[in-house]
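Okay, thanks for coming, everyone. Let me put the structure up, and then we'll walk through one part of it.

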Amino acid sequence: MSGEVVLVILIIIGLIGRSPIISTAACVLLVVKLVHLERYLPAIERRGLELGLLFLTFSVLVPFASERIGSKDILGVVTSWPGILALTGGAIATFVNGKGLEMLKLDPQLIVGLVIGSIFGIVFLRGIPVGPLMAAGITAILVKLFSFIGSRFF
């Protein structure tokens, strides 16, 4: 199956699954292929994740820059149980995301399973896509868990 056909299928699946990020990404890549700019695909692959993380970090830090979050809010986070749990959850999530990034760098073809799994979760489980890093991180944990269990019993 050609790359263009796969991208069109992903656009359709993204539309059906109400995932504008998948549809948009597939559309942009389809345009890159159709206007014969394939020479930029390796750069997009190499730096796309970093750029995505950069923009994600921008969006997370905007409340600090716009002063919607001040020192009083920060103090409230570190002195309340929900705030401490949020700090813990954030730390664990970033750790898991880091493991996901390592896994994607070592085994990039897993992105196919992550995308299909994410689409399945969106369409059938009414989930919200959180991105390939968290999905890859959860996959990394599952791989470690199944390897551990498999080594114990088989």
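So, when I say contact, I mean heavy atoms within 4.5 Å. This is a predicted model, so local features need pLDDT of at least 70 and side-chain atom pairs count only at pLDDT 80 or more, while totals for chains, interfaces and linings use all residues. Residues are numbered from 1 along each chain as its sequence is written, and side-chain values use heavy atoms, with hydrogens and water left out.

Start with Leu-114. Leaving aside neighbours within four places in sequence, Leu-114 touches Leu-104, Pro-132, Ala-135, Ala-136 and Thr-139.

Leu-114 also sits in the largest nonpolar core, together with Leu-104, Leu-133, Ala-135 and Ala-136. A core here is a set of buried Ala, Val, Leu, Ile, Met, Phe, Trp, Tyr and Cys residues joined through side-chain atoms within 4.5 Å, and buried is under 20% relative accessible area with a 1.4 Å probe, protein chains only. Helix H7 gives the most to that core, three residues.

Now H7 itself, residues 132-153. Helices are DSSP runs of H or I, at least four residues, numbered from the N terminus. The buried residues of H7 pack against H3, H5 and H6.

How are H5 and H7 angled? They pack at about 85°, axes 7 Å apart, with axes being lines fitted to C-alpha atoms over the stretch in contact and angles running from 0 to 180 degrees between N-to-C directions. That makes H5 roughly perpendicular to H7, a label covering 65 to 115 degrees. Among the contact residues are Leu-101 and Leu-104 of H5, and Leu-133 and Ala-136 of H7.

Note on methods:
Helices (H or I, at least four residues) and strands (E, at least two) are DSSP runs, numbered from the N terminus. The expected span of a helix is 1.5 Å times one less than its number of residues. Angles under 35 degrees count as roughly parallel, over 145 as roughly antiparallel, 65 to 115 as roughly perpendicular and the rest as oblique. Buried means under 20% relative accessible area, exposed over 50%, partly exposed in between (1.4 Å probe, protein chains only).
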